[in-house]
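User: I want to learn to read a protein–DNA model from its coordinates. Can we start with the protein and then turn to the DNA?

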Amino acid sequence: MKALSAAELDRLILDATRAIPFGGLRSYGSLARQLGLPRGARRVARALAGNQDPDLPWHRVLRAGARIAFPPGSAGFAEQRRRLIAEGHRFVGARVIAVHSDADALDAALWSPDR
DNA sequence: GAAATGACGCGTT
DNA sequence: GAACGCGCCATTT
């Protein structure tokens, strides 16, 4: 098994993020595990922080418990909340409530963020 | 090379 | 359920 360079890993993380469908939600930890990084949540966050793709749906990536990772009140927090609401989601404080009826998002609706 | 930092996660209190 | 603390990981100071 070839070891992945930091840049390659970043690319994989960004690709996995792009694969999240409209209305879908994933957590940093879940995303990390999918890529074989059991404790790589922070690594995923690092990759998103350095992304340059304006079309990257980074707002669909949440912290455990479906909470926004940015500090409440920060610009990032407001931006992410705005984008998620634009996709039909609802909020209770920093917590995101997935509200979708199509089968594609059923996954996200039932998805438990920390598992 | 040690200490601090951050878009994290989880058990405790 | 909120606040806190500690562990994890890579980067930066």
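Analyst: Start with helix 1, residues 6–18. Helices (H or I, at least four residues) and strands (E, at least two) are DSSP runs, numbered from the N terminus. The expected span of a helix is 1.5 Å times one less than its number of residues. Helix 1 has 13 residues and reaches 18 Å from first C-alpha to last, close to the expected 18 Å. This is a predicted model: local features need pLDDT of at least 70 and side-chain atom pairs pLDDT 80 or more, while totals for chains, interfaces and linings use all residues. Residues are numbered from 1 along each chain as written, chains are lettered from A and ligands numbered from 1 in written order, and side-chain values use heavy atoms, without hydrogens or water.

User: Which residues of helix 1 are buried?

Analyst: Buried means under 20% relative accessible area; exposed is over 50%, partly exposed in between (1.4 Å probe, protein chains only). In helix 1 the buried residues are Leu9, Ile13, Leu14, Ala16 and Thr17. Seen down the axis, they fall within an arc of 160 degrees, so they line one face of helix 1. The arc is taken from the directions from the helix axis to the C-beta atoms. An α-helix has 3.6 residues a turn, so residues three or four places apart point the same way.

User: What do the buried residues of helix 1 pack against?

Analyst: Contact means heavy atoms within 4.5 Å. The partners are helix 2, helix 3 and strand 2 (61–62).

User: Which residues come nearest to DNA strand B?

Analyst: A residue is near a strand if one of its heavy atoms lies within 4 Å of it. DNA strand B has 13 residues around it; Tyr28, Gly29, Arg42, Arg63 and Ala64 come nearest. Helix 3 (41–49) gives the most to this surface, with five residues.
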